[in-house]
Amino acid sequence: MVAIRRLTRSCAVAGAIGLACVGTVQAKDIVWARYGDIDTLDPHKATSTLSLQVWSLIYDTLLATDKDGNPVPNLAKSWTVNPAGTEYVFTLNAGAVCHDGSPLDASDVKYTVDRAFDPASPSVTKASWGPISKVEVVDPLTVKFTLDKPFVALVPFLADSFSSILCDSNKGAAGFGTSTAVGSGPWKLVSWTKGDRIVLAKNPGYRNFGKLAANKGAPYMDGLVISVVPEPQARLAALKTGEVDIAEPPLDDVEALKASGALKVVVAGNTGQNVFWEFAAHRPPFNDARARLAVGHATDAAAAINLVYGDLSLPEACPVSRGVFGNDQDVCLKHRPNYDPAKAKALLKELGYGPGKPLETSMLVWTGGNRQKLAEVFQAQLAEVGIKANIEMMDIGTMNARVRRENETATGKGSMDMMTWSWYDPDILYALWHSPGAYRGYTSPELDAMLDETRVLTDPAARKAKVQDVFKYLLSKGIHIPLYTPGWEWVFAARPAVEGFQVAPFVYPVFNDVKIADKKS
């Protein structure tokens, strides 16, 4: 019988340091503290990394990624594609079981895809599923997708948590997305207390067909508690006292932690994270490319991130980050607005701005990860050329909604934001910039046509050339101005007793192999 360790003392300590008490934790639970909470347990209704990471624990996907980010079999042990690229037939592994005990089969796959395309309430990432027109159950372990036209980004998408397979027992379930979430992943939902914590229990029937973990069965630990602890120093204090096992440490303390060896520091690679400037381009001043390019030329991203993050982050020249298909720093540096304050001032002068008449704008930035400090550095750089940027900090969910609202507002002062996405394929640019656009931002018929081509070109060289044409368009017009990579939650610290923790490509923490030496029955 597992002993129960009630954290009476720990809760008292937590209160003293401003940490929300993680509640009752079993002796063999992992406690993972993060800066924020998820939006929903419904993979069709949000886009934040905080949400994605949790979906990857509860649900499974048809495909998975290897350590280099390449798609590999998972729930689907194999698949075939017809010569036209319009029919995919997936053969499922036998033995996958939903948390309610029902077998996961082709009907669950069909339910998931049909739900993503439900006209009454489609997935927010519907565009990333591609032009799927029909899903057919061939037999319990075979499912066929029919597409209106080829879509080369389908396979990598099916390895991402946006395509999490939902068990069809979720259909009509009360509280789906908040109190109910039935998947076939390694962890089962016990409860979600918004703004506080998510409690998961291990799925004893879990079978790992392709996820990046050595353990092919159920997780070793009994439970996983995901606690919201916004303050970095509170997370660090909780790590040191043992109340928390894994957390994102204060970035200013990472080098000291590495040197001391007091905690294990895990830096994720191949994150696909791209942090960039974008603008409310449907109204002045950013409906004029010269205003957007002036911001680009005024921004010295290399100096700013070196000041705030040291060598933990790198300047990024392309609209998709290193490790993602098409990224070529040399190509992008030729077309992006590089740091040139004199050129920024000249562009602003053409627009009628100058001494005594600054260009004024809001600068929306999401909280956490020292971004307040980074925003202040950027604010000072912009002020040097005559741009008055008023920083507004908010959580990522609020910022996403605000950006869309700014794009849908025809009047008002200028608005720009430090946006970010993590993605495994340049098809993210279709989601962001093809009409109508994820945030209803800049679109154009010519950009739509180029993005359409990036989805159907099956020859890798031809597709790469077209993807880079899109890069050139976005960069030369100041639509998407890359700043740096990676950008959030790529550094983790773990207590010395924690073994087996790793982070898969695209910032998916993996807990299947975790054992904690001082947490035993």
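Me: How many bridges join strand S11 to S12, and are the two parallel or antiparallel?
Reply: Five bridges join S11 (residues 197-202) to S12, and the strands run antiparallel. Two strands count as paired if DSSP finds at least two bridges between them. Leu200 stands opposite Leu224 in S12.

Me: What kind of model is it, and how is the numbering done?
Reply: This is a predicted model, in which local features need pLDDT of at least 70, side-chain atom pairs count only at pLDDT 80 or more, and totals for chains, interfaces and linings use all residues. Residues are numbered from 1 along each chain as its sequence is written, and side-chain values use heavy atoms, with hydrogens and water left out.

Me: And the element names?
Reply: Helices (H or I, at least four residues) and strands (E, at least two) are DSSP runs, numbered from the N terminus.

Me: Back to S12. Which strand pairs with S12 in the parallel sense?
Reply: S3 (residues 29-34), over six bridges. Ala33 is the residue opposite Ser227 in S12.

Me: Why is S12 described as largely enclosed?
Reply: Six of the six residues of S12 (residues 223-228) are buried, so the strand is largely enclosed by the rest of the structure. Buried means under 20% relative accessible area, exposed over 50%, and partly exposed in between, with a 1.4 Å probe and protein chains only. Both faces are covered: Gly223, Val225 and Ser227 are buried on one side, and Leu224, Ile226 and Val228 on the other.

Me: What is the strand order in the sheet?
Reply: The sheet is open, with seven strands in the order S10-S11-S12-S3-S13-S21-S14 and mixed pairing. S10 (187-193) and S14 (264-267) are the edge strands, each pairing on one side only. S3 and S13 (residues 246-247) pair in the parallel sense over two bridges, and Trp32 has Ile246 as its bridge partner in S13.

Me: Which strands does H2 lie across?
Reply: Helix H2 (residues 49-58) lies across S3, S10, S11 and S12, at about 165 degrees to S3. Axes are lines fitted to C-alpha atoms, for helices over the stretch in contact, and angles run from 0 to 180 degrees between N-to-C directions. Contact means heavy atoms within 4.5 Å.

Me: Switching to H3. How many of its residues are buried?
Reply: Eight of its 11 residues (the helix spans 106-116). Among them are Asp108, Tyr111 and Arg115. What covers the buried residues includes S7 (87-92), H4 (126-129), S8 (132-139) and S9 (142-147).

Me: What caps the N-terminal end of H3?
Reply: Asp105, with a side-chain oxygen 3.0 Å from the backbone nitrogen of Ser107.

Me: Gln468, buried or exposed?
Reply: Gln468 is buried, with a relative accessible area of 11%. Gln468 is in helix H16 (residues 460-476). Leaving aside neighbours within four places in sequence, Gln468 is in contact with Gly326, Asp328 and Val331.

Me: How many aromatic pairs are there?
Reply: The structure holds 18. Rings of Phe, Tyr and Trp (its six-membered ring) pair if their centres lie within 6.5 Å; planes under 30 degrees apart count as stacked, over 60 as edge-to-face and the rest as tilted. Phe501 and Phe511 form a tilted pair, 5.5 Å centre to centre with 45 degrees between the planes. Both Phe501 and Phe511 are buried.

Me: Which residues form the aromatic cluster?
Reply: Trp55, Phe162, Trp421, Trp423, Tyr424, Tyr439 and Phe506 form one cluster.

Notes
Polar contact = N/O pair within 3.5 Å; in protein donor to acceptor, adjacent residues only side chain to side chain.
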